[in-house]
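Student: Could you take me through one part of this structure in some detail? I would like a connected account that I can follow on the screen.

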Amino acid sequence: MKKTLILKILLPLLLLLPTVLLFVNGEQESQESQESVEPVISEGDRYEVARREMVLKQIASRGIKDERVLEVMARVPRHLFIPEGMRYQAYHDNPVRIGEGQTISQPYIVALMTSCLNLTGNEKVLEIGTGSGYQAAILGELVREIYTIEIKEPLYKRSTQTLLTLGYSNVYTRFADGYFGWEEHAPFDCIMITAAVNHVPPPLLDQLAEGGRMILPLGDPFSYQQLVLIKKLSDGYQVEQITGVLFVPMTGEARK
Amino acid sequence: MMLSGSSALIPAVFLLSLSCLSFEVLLTRFFSIAQWNHLSFLVLGIALFGFSASGVFLSVTHQRNRRLVPYIAAHSQLLIVGFCITALTSYLICNALPIDFFRIPFDWRQLIFLVLTFLLFSIPFVFTGALTSVAYMVESRKAGKIYFASMTGSAFGALLPLLLLPVMGTGGGLICSGMLPVFLLFTSRDKRFLTTGGILILLTACMMVSAGPELFTVSPSPYKSLPQILLYPESRVIRSSETLEGKTDLIDSSAIRFAPGLSLSYRGNLPRQTALLLDGDQKLVLYEISDDSLSDFPLYSLSNAGYLIAGERGDLTKGKILLAGMDGGSSVLHALLTHCESLYFAEDNPEIRKIIESHYQGRSIADSGDTVRSTAARHPHFFDLIHLQNWGSSLPGMESLSQNHHLTVEAIQSYLSSMTERGILILTRRLQLPPSDSLVSFGTAFKALASLGIKSPGQHIIMIRNWDTYTIVLSQKRYSVSEINLIRDFCGTLGFDTMFFPGIREEDANRINIFQEPYHYRAIAAYTETLKAGDSNFQKDYLLNVTPREDDSPFFTSYIRIGRLKELYQATGSRPYSILLSGEILLWILLIVSFLLSTLLLAVPVVVSKIKPVRWLQVLYFLSLGAGFMFVETAFIREFTLATGSPVRSFTLVLFIMLIASGFGGYFSGKLKDKHLLPVMLVLTIILFVLFLSIRTLTGFSLTLPPGIRELFLGSLLIPPAFLLGVPFPLGMRSFPVSPGGRAYFWAANGCTSVLASVFSLFIAMNLGISWLLLFAAGAYCVALLVIRK
């Protein structure tokens, strides 16, 4: 009787444990492998195909027309900015976790934010929130100089290493509180805030050149987002909402 | 006293029920901290699934092996050992799982983790359910006593977390609740159980010593504010405490800066801030106030519009201000800047009240000593300005299943009535696109003003916004032209946009913070037309649910219309994950899964084992009882959330009183004869129907009572129906002539409909209203009544 009970109740429990440990272990391995940055693209062809598909199906099809942005996004190896264990998701149409509770933005959001700045190639840009370094790399391909600040040390170290390894010599990284900007290099033609904010830091507004543009995303990585573009005019500011969503506000009777 | 055999059954049922309910309550805390509040709703499903599974298991095995149940009854300690081991291991495993529900749509492992969490946590409930079921199977004549032991044990279990949480937190509480029944092993005459008990205690103690405090710490989601802020340099937790109301952490960091709605024109520095987090998510910040001067940044925020009008209407230095609900926290600085005569704050969470009081000690700010709604209800025509800060969760959709009684038609009526005629009500929240939150606020305010007898509510509303925040300013007194011009100038100077004011035109909107189209203005304009006309065309046609919220259905952020999911998916960029994890979708998934599991569980004994344990009408009787009881329980918990100011306080109050009263009802049933069942059910059904008609008035009245008296009044409402609710189940178990296997099947059936009813009750509350749950309960007992008559 007792043996039957043990077989029926305790055995399944014992069998369940290794399964759980297996999953947990797999997840931990993914976390641990975040430290290493691969210098060469070992599966280049596969990633290149995925990258082209990403540009075609996720970005161009959603209305991003800026050829320079599309070309750069098809070239920069996004997967190298993502921890090894998560690289299989590098070109998926979603944000990817990069550790420290942070994500690398969905490719479409990166493209949308970049194209909204209407970059000509001669700008000095400040980025607040380096994160993985991917956005800085994209900007680094499109502008003269990019200064990027990260407040979380592990992310700062990892992204700096990645950008160095990939040879981005016009991207300057700094471990500091981005709220105060980077006064020594101000004014900036463009400022991009990639972290959530509840107000625009006054020091950043001061460091924006007259006629300059500041872009920031509203919303959370796993929710719908919209973009805000702030233009510094001679007599104040204009804030333009560039919706990152296909918003249909009203239909039928309510529209009348 | 040594207990063995079936004499050990009833004490075991009592203690295991106690531990199990404490474990269940603490699990809701576990999910609230580790994830978000709405996932704690899973716990009811986990518990009742475990109970039902045990009934089905015993029903099937009893048909095949008649010796099993008597054996378990004689060795009930086996189930206690099973409960202790699985309660402990399920907590340890689930707390270690790298759960990230946001990744479910694109990481299949997360789905496995979710299912695993559900199954692992349900195993301790299987053992508790099995013990109670076995007791009913072998001691059916003592059904009343078993019911009494189970219910009173559960009632004390509902209270145990009150003691455990402040001392050892959620993790420690779960371990303690899980290990508590082990002491019952020492009452056994069987030396093997004595040894097992000793080993279990020794192992747990060793583990606690070797693992240290980490064992007791529930890890919050990496997307919550706590882990995020702690990554900032030099951030540290300076105070941490836990109660049933939630886990509060006070974080000191130079990188915390909270000033939503701040104008781009502001050029000064913000004062240093300390973050107060509730369950790891942002609740409010406490500002460091210098003795020399106050930071003037609030004067550059949207909320200042209300203060300007109030200042125009009278000298605020002679006025009384109430800060209602302490989300955000900047309202304190704002109010202090007015140097008003009296400044009060009302906050529903007592722990947060204590922290605020201690932080602003020496400043002229006083605790109202009551909840937000009661403070307003008990002070008619008293305040000159009420500033309501209510930001909600940091992620949209996470609070869609939570009741928010601070922002309902009745709430706004109450705030307006608690102010003098010139009084101003200010509410600030996050601006969302598609317009949703702002529309609900507008519609709710409009309806509240209309219900106060104001003929043109639009003349009493001003709404302004910046790029991500909006403020609504309400007054019982019609706005004058000069007041409107004051706000227009204020917006022009500080770079804000008007959304609504009496006489607004399209060219007044969308000028500085420019959307592609004036979405917010147009939506509000269309909404105003429909509200003026008294129809609901706009609400029916709009993509999201923006109907005015009332106390009977106070789900402020529940915007999703299931029938229009496809449109919403397209309107939000065709990205599924934001919608998939909102509360409404989770609820549907839970309902479908619960239905499938319940059907499967009830079908197993009949289809697979090809057995016919009972008559179907008798099964229907227990199905109805399960649903009816759960409808009553959820109705009172939800209804009393308004009066107690907290779902947790309401949960504890209702559960304790209901379970004790039902337990006595069960005990009393032992003295009743079979023929008494019919009149008892009839009286119960009538009481439930009367409560359905009167509960809203009674709860509203309770808000005007002082704390303490209010809880006594609410408790007295509960006792009569709860006592009668305890009679039908044990009387049915005792009266129906069925085999022990049949009784196990009844137990399972009761559990299954309880699961379904708990999930379904939220649909009823969200779509019809909380009070309707009592009508559904009366309906369920009517069905049971008809079954008896047959």
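Tutor: Happy to; we will look at a helix pair in chain B and then turn to a strand with its two partners. Please keep in mind that this is a predicted model.

Begin with helix α6 (residues 143-179) of chain B and helix α22 (residues 647-669) of chain B, whose axes come within 7 Å and cross at roughly 165°. An angle over 145 degrees counts as roughly antiparallel, and α6(B) and α22(B) are therefore roughly antiparallel to each other. The handedness of the α6(B) and α22(B) crossing is left-handed. On the α6(B) side, the residues that meet α22(B) include B:Tyr147, B:Phe148, B:Met151, B:Ala155 and B:Leu159. From α22(B), the residues taking part include B:Leu655, B:Phe656, B:Leu659, B:Ile660 and B:Phe664. Glycines also take part, among them B:Gly144 in α6(B) and B:Gly663 and B:Gly666 in α22(B).

Now move to strand β8 (residues 383-389) of chain B, which is mostly covered, with seven of its seven residues buried. β8(B) pairs with strand β5 (residues 320-326) of chain B through five bridges, and the two run parallel. Within that pairing, B:Ala324 stands opposite B:Leu388 of β8(B). β8(B) is also joined to strand β9 (residues 419-430) of chain B, by six bridges and again in parallel. Here you can find B:Gln389 opposite B:Thr428 in β9(B).

Methods: Residues numbered from 1 in each chain as written. Chains lettered and ligands numbered in written order. Predicted model: local features only at pLDDT ≥ 70, side-chain atom pairs only at ≥ 80, totals over all residues. Buried ≥ 20, exposed ≤ 12 C-beta atoms within 10 Å, placed from the backbone. Helix = DSSP H or I, 4+ residues; strand = E, 2+ residues; numbered from the N terminus. Pairing = 2+ DSSP bridges. Axes fitted to C-alpha atoms, helices over the stretch in contact; angles between N-to-C directions. Parallel < 35°, antiparallel > 145°, perpendicular 65-115°, else oblique. Left-handed = near helix turned anticlockwise from the far one by under 90°. Contact = placed C-beta atoms within 7 Å.
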